[in-house]
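Welcome! Please take a moment with the sequence and the 3D view, and then read on for a short tour.

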Amino acid sequence: MWLALAFSISGECKQQGTARNGLLELLTPKPIKMKIKGRIWSKIQIYLIGGIFILFSTNAFSQIRENLRNEIETIISYETEINTEKIPAFQVAVIIKDSVYYFNFGDQKFLDSTGLNENSYFEIGSLTSIFTALLTLEMENEGVLSRDDLFNTFLPESYRNNACSISLYHLLTHTSGFPFRPKGFGLKELDARNPYAYYTKDDLLGFYADQKDLKNGKYLFSNVNYALLEIALEEVSKKSFSELFESRITKPLNLNHTGFHPDFHEIVTGFSVGGNRIKPWTFQSFEGAIGLKSSLSDLAKFVKCNFKDYHGELEKSFQELRQMQFPTGRTKNTMVGLGWHGVQFKKYHPLIALGGVTGGHGSFISLVPETQTGVVILSTAPCEMDGLGFLILRMINHNWKLPKGD
């Protein structure tokens with residue numbers, strides 16, 4: 001799980017190898033006094049005047065992109081075990097303030113045959129929960145609901161469970177006490193390659209109605225939480241979840257390649273761990289937990305909305321979204337928020353992150369809101385990409401070291 005890896009990287013990273021150089025001096029309004037090794041700095045310093053970033057010409061952008069790619073390739077080669085036999089292709093977006101750099105990696109024949117680009121659709125798995133949390137906060141700010149409302153109050157009488165005092169806040173922060181999947185889920189898993197296809201919302205509510213003695217208040221990651229949130233939002237709005245999502249999230253944020261029901265042919269081909277082609281998952285429930293499809297470009301936009309100085313659509317909700325709520329209790333420096341999870345450092349700004357996998361895809365986002373830097377990774381196999389993502393984020397953040405004077 002990413003939390004354990006985040007802890008190891010924030011301390012003595014088990015994968016760190018040779019320390020890489022940061023890029024943030026590029027955006028730091030002060031002269032660079034430290035001695036810096038590496039090709040990146042020798043080629044971009046000519047675009048600095050007094051340490052203040054003035055202008056990106058086309059050539060400068062291309063040069064920095066080339067050097068970033070070289071750095072990422074070095075990280076992949078020396079600090080990870082990624083290979084194209086396990087992952088035919090994957091994409092990386094590096095976000096530094098207003099600039100976004102897109103990269104494709106993997107088998108060149110696959111890349112050429114698929115036409116993979118920053119607008120290609122991927123399943124993003126549990127990253128969906130961050131968007132569902134944002135939607136919940138937006139509806140709270142509109143006065144439609146409160147995070148303190150009991151989940152029971154959103155249900156028809158026949159599905160209510162008076163033994164459960166679960167609030168929307170418990171669901172948002174994974175402190176409801178529900179297991180990762182509902183008990184009896186396997187009985188409806190008629191196709192192991194499409195596990196959610198036959199599990200209905202009635203099945204999920206039946207599971208909820210039977211729950212007793214849940215110990216809420218303690219962190220336990222569960223897809224059930226956000227599947228139930230999906231139901232609550234539909235019940236209070238009397239609209240489908242996809243309709244709600246489109247009207248309140250994708251349209252205001254101009255996310256043109258994000259949604260729950262793109263045509264199957266638009267979704268990038270995914271592969272199982274064993275290398276077999278996997279069709280996209282279908283859902284009768286759990287879309288609000290793991291069912292969203294998105295693209296590298298849209299997720300890069302979403303990262304920018306989570307930066308500290310963001311001012312735009314849904315601004316208040318984003319400010320609340322990135323706030324950590326309390327420690328997970330799993331490691332001493334990992335936190336849980338509303339969808340997001342976080343890592344606290346002793347001598348650096350905190351980061352927020354989350355990853356997801358489906359049958360044929362992997363996804364990961366991590367960012368440091370204060371430095372306005374972030375990384376997005378999408379892969380064509382269900383491999384956790386958090387290790388690479390943290391290493392790239394660390395590289396563009398001085399190896400977690402604050403510039404002198406900060």
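## How confident is the model?

The protein has a mean pLDDT of 86, and 85% of its residues reach 70 or more; pLDDT is the predictor's confidence in each residue, from 0 to 100. This is a predicted model, in which local features need pLDDT of at least 70 and side-chain atom pairs count only at pLDDT 80 or more, while totals for chains, interfaces and linings use all residues. Residues are numbered from 1 along each chain as its sequence is written, and side-chain values use heavy atoms, with hydrogens and water left out.

Over residues 1-54, pLDDT stays under 50. Where pLDDT is low, the predicted coordinates should not be read in detail.

## The overall make-up

You will find 13 helices and 14 strands here. Both are DSSP runs numbered from the N terminus: helices are H or I with at least four residues, strands E with at least two. Of the 406 residues in the protein, 56% are buried, meaning under 20% relative accessible area with a 1.4 Å probe, protein chains only.

## An open sheet

Eight strands make an open antiparallel sheet, in the order β4-β3-β14-β13-β12-β11-β10-β9. Because β4 (99-106) and β9 (326-327) stand at the edges with a single partner strand each, one side of each has no neighbour in the sheet. Strands count as paired if DSSP finds at least two bridges between them.

Strand β3 (residues 89-96) runs antiparallel to β4, joined by eight bridges. Ala-93 has Tyr-102 in β4 as its bridge partner.

## A covered helix

Helix α13 spans residues 386-395, and ten of its ten residues are buried. Among them are Asp-386, Phe-390 and Arg-394.

Terms used
Buried < 20%, exposed > 50% of the residue type's maximum accessible area, 1.4 Å probe, protein only. Contact = heavy atoms within 4.5 Å.
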